[in-house]
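Please look over the sequence and the 3D structure below. The report that follows moves from the whole chain down to single residues.

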Amino acid sequence: MAAHQLLIKVGAFANTGLTSLTIPATVTRNGVELELIVVLESESFKDNNYLSQISIAESVGAIISDVFKNCNNLTSVTTASTVIYNSDCWPASNNITVTI
């Protein structure tokens, strides 16, 4: 299967009305299934106070510091066991349930 890198840049979903997001392991483009390799840059979702849940497939290798900075309504994260994350990637102000 071919691979495709998806870079979610700084501020890509900052201050948006996005309430939930699923980052899949694969996508289909022009009838061809592609394995995603996803890179989340720091502060990709910063200050998104509508985001409450996110589902992250194994296509994301790591979640670095401050990706979800000030996402104060984020309460539920489902992630693959292969995803590596820093404890400071989540907002400090709320209780988040991380399901692996």
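## Pairing and the model

Two strands pair if DSSP finds at least two bridges between them. Keep that rule in mind for the sheet described below. The model here is predicted.

How confident is the predictor? The mean pLDDT of the protein chain is 82. Of its residues, 94% reach 70 or more. Among the elements, strand S1 (residues 2-8) has the lowest mean pLDDT, at 74. Strand S5 has the highest, at 88.

## The chain as a whole

The protein chain has zero helices and nine strands. Read from the N terminus, its elements run β-β-β-β-β-β-β-β-β. Along the principal axes, the C-alpha atoms fill a box of roughly 40 × 25 × 20 Å.

The radius of gyration is 13 Å. A compact globule with 100 residues would have a value near 13 Å, so the protein chain agrees with that expectation. Of the 100 residues, 29% count as buried. The protein chain exposes about 5500 Å², and carbon and sulfur atoms supply 49% of that area. Now take the contacts with a separation of 6 or more: residues 24 or more positions apart account for 47% of them.

## A four-stranded sheet

Which strands make up the open sheet, and in what order? The order is S2-S5-S7-S9, with parallel pairing. Strand S2 (20-23) and strand S9 (97-99) are the edges. Each of these edge strands pairs on one side only. From one strand to the next, the twist averages 10°.

Walk across the sheet from S2. Four bridges join S2 to S5, and the two run parallel. Here leucine 21 has isoleucine 54 of S5 as its bridge partner. Next, strand S5 (residues 53-56) pairs with strand S7 (residues 76-79) over four bridges, again in the parallel sense. Last, three bridges join S7 to S9, which also run parallel.

Glutamine 53 has serine 76 in S7 as its bridge partner. Serine 55 stands opposite threonine 78 in S7. Isoleucine 56 has threonine 79 in S7 as its bridge partner. Serine 76 also has a bridge partner in S9, namely threonine 97.

In S5, Ile54 and Ile56 form the covered face. Gln53 and Ser55 form the uncovered one. Side chains alternate along S7 as well. Val77 and Thr79 point to one face and are buried.

## A closer look at isoleucine 56

Isoleucine 56 lies in strand S5. Is isoleucine 56 buried or exposed? Its relative accessible area is 3%. Buried means under 20%, so isoleucine 56 is buried.

What does isoleucine 56 touch, leaving out residues up to four places away in sequence? Its contacts are Ile23, Ile63, Val77, Thr78, Thr79, Ala80 and Val83. One of these, Thr79, is also its bridge partner in S7. Isoleucine 56 and isoleucine 100 are 44 residues apart in sequence. In space, they are 9.7 Å apart, C-alpha to C-alpha.

Most residues other than glycine have a negative phi.

Glutamate 43 has a positive phi of about 65°, although it is not a glycine. Glutamate 43 lies in the loop between strand S4 (32-40) and S5.

Aspartate 66 sits in the loop between strand S6 (60-63) and S7. With a relative accessible area of 27%, aspartate 66 is partly exposed too.

Conventions:
Residues numbered from 1 in each chain as written. Predicted model: local features only at pLDDT ≥ 70, side-chain atom pairs only at ≥ 80, totals over all residues. Heavy atoms only, no water. Axes fitted to C-alpha atoms, helices over the stretch in contact; angles between N-to-C directions. Buried < 20%, exposed > 50% of the residue type's maximum accessible area, 1.4 Å probe, protein only. pLDDT = per-residue confidence, 0-100. Rg over C-alpha atoms; globule rule 2.2 N^0.38 Å. Contact = heavy atoms within 4.5 Å. Areas by Shrake-Rupley, 256 points an atom, 1.4 Å probe, with all protein chains shown as cover.
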